[in-house]
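Here is a friendly note to read with the model open beside you. Take the points in order, and find each residue on screen as you go.

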Amino acid sequence: TTTTTTTAPTTTTTQPTTAQPMDITVDQTTFIDFLLKHGGLSRFCLVNDRWHDKNPTAANQLFGFKNWKTTKEKLRHHFPDLKLGHPQIYFTTKGALEMGDVLEFEKCLCIKM
């Protein structure tokens, strides 16, 4: 009796490495400039005067008012106690980007949209 053994070819697989957070220190102005330029339509950009300066038709398209200045004026007229501002941006201890609580100003804008 003859026994034949067949062995499957050996393959080597490489496991992907786990991404490590980059240790980058960026001043706040540089970060905000980057976010305004490349951040798309975000909570931060939506309420930012500089973003609206670079996107002058956005307020009309999003809220139906002539421009961003008019949008803020109308909201102040209807809600005199409304504090205009923008959400706080911070990094968690794990390096994740987080934003603060939703502001009343943001809620008014969302309702208007």
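The numbered points below go from the overall layout to helix packing, then to one cysteine and the salt bridges.

1. **Overall layout.** Please keep in mind that this is a predicted model. The protein chain has 113 residues, and 23% of them count as buried. Its secondary structure consists of six helices and two strands. Reading from the N terminus, the order is α-α-α-α-α-β-β-α. Among contacts in the protein chain with a separation of 6 or more, 37% are between residues 24 or more positions apart.

2. How do H5 and H6 pack? Their axes are 12 Å apart, and the angle is about 110 degrees. Angles from 65 to 115 degrees count as roughly perpendicular, so H5 and H6 are roughly perpendicular to each other.

3. **Who meets whom at that crossing.** On the H5 side, look for Trp68, Thr71, Lys72 and Leu75; they meet Phe105, Cys108 and Leu109 of H6. Sorted by class, this contact has five nonpolar residues, one polar and one charged.

4. **The buried side of H6.** Which residues of H6 are buried? They are Phe105, Glu106, Cys108 and Leu109. These residues span an arc of only 160 degrees around the axis, so they sit on the same side of H6. What covers them includes helix H2 (43–46), helix H4 (58–63) and H5.

5. **A closer look at Cys108.** This residue belongs to helix H6. Is Cys108 buried or exposed? Its relative accessible area is 14%, and buried means under 20%, so Cys108 is buried. Setting aside neighbours within four places in sequence, Cys108 is in contact with Leu75, Phe79 and Leu82. Take Phe79 as one of these: 29 residues separate it from Cys108 in sequence, while the C-alpha to C-alpha distance is 9.3 Å.

6. How many salt bridges does the structure hold? There are four. One of them joins the side chains of Arg50 and Asp33, at 2.2 Å from N to O. Arg50 is in helix H3 (residues 49–54) and Asp33 in helix H1 (residues 28–38), so this pair links distant parts of the chain, 17 residues apart. Arg50 is partly exposed, with a relative accessible area of 39%. Asp33 is also partly exposed, at 32% relative accessibility.

7. The side chains of Asp49 and Lys72 meet in a salt bridge, with 2.8 Å from N to O. Because Asp49 lies in helix H3 and Lys72 in helix H5 (residues 68–78), the pair ties together parts that are 23 residues apart in sequence. Asp49 counts as partly exposed at 38% relative accessibility, whereas Lys72 counts as buried at 15%.

8. Lys107 forms a salt bridge with Glu104, and their closest N and O atoms are 3.5 Å apart. Where do the two residues lie? Both are in helix H6 (residues 104–112), three residues apart, which is about one turn of the helix. Lys107 is partly exposed, with a relative accessible area of 39%.

Technical notes: Residues numbered from 1 in each chain as written. Predicted model: local features only at pLDDT ≥ 70, side-chain atom pairs only at ≥ 80, totals over all residues. Heavy atoms only, no water. Helix = DSSP H or I, 4+ residues; strand = E, 2+ residues; numbered from the N terminus. Buried < 20%, exposed > 50% of the residue type's maximum accessible area, 1.4 Å probe, protein only. Axes fitted to C-alpha atoms, helices over the stretch in contact; angles between N-to-C directions. Parallel < 35°, antiparallel > 145°, perpendicular 65-115°, else oblique. Contact = heavy atoms within 4.5 Å. Nonpolar A, V, L, I, M, F, W, Y, C, P; charged D, E, K, R; others polar. Arc of directions from axis to C-beta.
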